[in-house]
Amino acid sequence: MRLSKSFIPTLKENPSEAVIPSHILMIRAGLVRQLSAGIYSWLPLGYKVLRKIMDIIREEMNNIGGQEFHFPGLNPKEIWEQTGRVEAFGDILFHVKNRDYVLAPTHEEIVAFHAKGEIVSYKDLPQIWYQIQTKFRNEPRPRSGVIRGRQFIMKDAYTLDKDEAGLDVGYALHDKAYRAIFDRCGLKYFVVGASSGAMGGSKSEEFMVKSDAGEDTVAYCEKCGYAANVEVAQSVSQAVERQNESKDVFEIHTPNVKSIDDLCTFLNINENQTAKSRVYINDDKPILVLMLGNDEVNETKLANVLSGNVRPAHPDELKEISGADAGSIGPIGFKYRIIADKLLKDGNNLYSGANKNDYHIGGIDLMRDVPNIEYFDLRTVESGEKCIRCGSQLDVFKAIELGHIFKLGTKYSEALGVMYLDENGKEKPVVMGSYGIGVERILACYIEQNYDEKGIIWKDPLSPFDIHLIALNMKNSLVKETSEKLYRDLQKEGFEVLFDDRIEGSAGIKFNDADLLGMPVQIIVGEKNLKENKVEIKNRRTGNKKVVELDKLIDSFQEIF
RNA sequence: CGGGGAGUAGCUCAGCCCGGCUAGAGCGCUUGGUUUGGGACCAAGAAGUCGCAGGUUCGAAUCCUGUCUCCCCGACCA
């Protein structure tokens, strides 16, 4: 493709709306343009990469027996009401104003709709159905460019099986396909155990890429490979040690002591002699959550332990509930349910709030003084703690979710009546699995992992072109003729070539654009080297350059890499 | 939804606090010329209802009120 005739609008300066490297570079290199918050247009160069990603996904999905569909984005609202997901999605679901339609955020309902009445026998199973299609979600806050958008391209797949054993097979096939896809795209990723959340179902795993731009936090053990979303991650950590003798409870005046740190400084005590209090509202009833020292409450774990709705109490509710404001609340005299993290189990001689502003209480023995206390795993794993599996140090960091695989079970087939007859003529619900990949996230994550201060660094197979051919001065007839011939010859050899044949533009502009766009190989045709019948080739990733004779050009590709 | 920031030329921004003539810069763009191995130079030029609406004022990019949009942090997120 000739740059002179292409729409590849590059930018010299960083766009003001972008913050993370991949987003900045996708705009600067002319891959995308924003239309509105969380809504992006793909420009030709960006879409070329996206198509390469989609081709890889197709190949790997077809390899595991997937059949490609294309379901509508516009869905009757009624079918979403049958599974209760109009309510479950709430404001995330886009509603059409002038007809009872919704814009589909995922397609379990539609898969079940088409399976119903057509998948009628165990002989019809198993099935793997997939599509690569646009999804719509009314995200309250889109961010990080295409990483969280209101409209995005997803590869979504669904398995239909007769039983759990069949689902296990389909799930394993997707695990395999996903690894193949992300490997081929050249991504460094890892797999974590995850919470199934509002999707329902039993087992779920996420494919993650480490990134500060990520919205998930994961705990990862380098040594044994233990990896889990912090929503569910566990670690081995030091529990409180019960001392032989319990002191009596005593009150201490602690003016302006608002945090555990303040308290430890004020009394010159250790963090693990203290219990931090957090008040939550569980279905309109207050509940006190006690954590050891400065441990943070993991709200996902808390929600899994408590049934019903859980939210933190508002600051103005605290006084009425406990008699004190945040910083002075504690278990002694607290009138409602009290639960505690298991690290606090049976602790004694502890310090905590007195439920009276500017006072704390010491000498607390949870066994003696808080008889109805219940213990659960409620804490959030932190970096440096010991791996629950092998005991070595855990690393905790942010990550971007590339893909998610779920064992759904029969939630949707039962709600929508997708039944089949088994070998014994007995009617049973079809067992489903659901599997998603954020297609644009693959591209964004690739760039997050492959860029430098000059721009993007592509490699096969995602690179939009194999070679960036730069003619330094197209007004020089030798440069023009040579580069035009090279352009034809390289394409004949089967290379995809981007040809900077612009007449205007200094060498600097062309070099900088080539580095920004990031094709793996640059071929530079200039007067200087042509005098000796030579051209220069450059490896974009390493920056290595080599001047080679024209007729040995293609052979030289191997050497520079 | 809570907190913070920003909307002025295609892009990046200054001007606003402290109202005052014809609203600025750099980059980009157009025309002509010079230049051509790391974002060149000279000359001439096009381009902005200062997000929108209302108000105060002799006079508003600037002050006030309302509103929309975008970005960041948080909440939320299959």
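Domain bounds in these legends come from an automatic or database domain assignment. The model is predicted, with local features requiring pLDDT of at least 70 and side-chain atom pairs counting only at pLDDT 80 or more, while totals for chains, interfaces and linings use all residues. Residues are numbered from 1 along each chain as its sequence is written, chains are lettered from A and ligands numbered from 1 in the order in which they are written, and side-chain values use heavy atoms, with hydrogens and water left out.

**View 1. Domains of chain A.** Chain A is divided into domain 1 (48-233 + 396-447), domain 2 (250-376) and domain 3 (467-560). Between the C-alpha centres of domain 2 and domain 3 there is a distance of 68 Å.

View 2. Strands (DSSP runs of E, at least two residues) and helices (runs of H or I, at least four residues) are numbered from the N terminus, and two strands pair if DSSP finds at least two bridges between them. Five strands follow the order β17-β15-β16-β18-β21 in an open sheet of mixed pairing, whose edge strands, β17 (310-312) and β21 (374-376), each pair on one side only. From one strand to the next the twist averages 35°, angles running from 0 to 180 degrees between N-to-C directions of lines fitted to C-alpha atoms, for helices over the stretch in contact. Parallel pairing over 4 bridges links β16 (residues 285-292) with β18 (residues 337-341), and L288 stands opposite I338 in β18. Helix α9 (residues 315-322) packs on the sheet and touches β15, β16 and β17, its direction making about 100° with that of β15; contact means heavy atoms within 4.5 Å.

**View 3. The second largest pocket.** A pocket is an open set of points on a 1 Å grid over the protein atoms alone, where a 1.4 Å probe fits and protein lies on both sides within 12 Å along at least five of seven lines; lining residues have an atom within 4 Å of a point. The second largest pocket holds about 410 Å³ of space, a volume being the space filled by probe spheres set on the points. Of its 25 lining residues, K276, S277, R278, A326 and G327 are the closest to the centre. Two or more residues come from each of α7 (260-267), β15 (275-282) and β19 (350-353), and β15 gives the most, with 6 residues.

**View 4. The hairpin of β32 and β33.** Strands β32 (residues 534-539) and β33 (residues 545-549) run antiparallel and are joined by 5 bridges, with K534 opposite E549 in β33. The hairpin has 5 residues between the strands, and G543 takes a positive phi near 80°.
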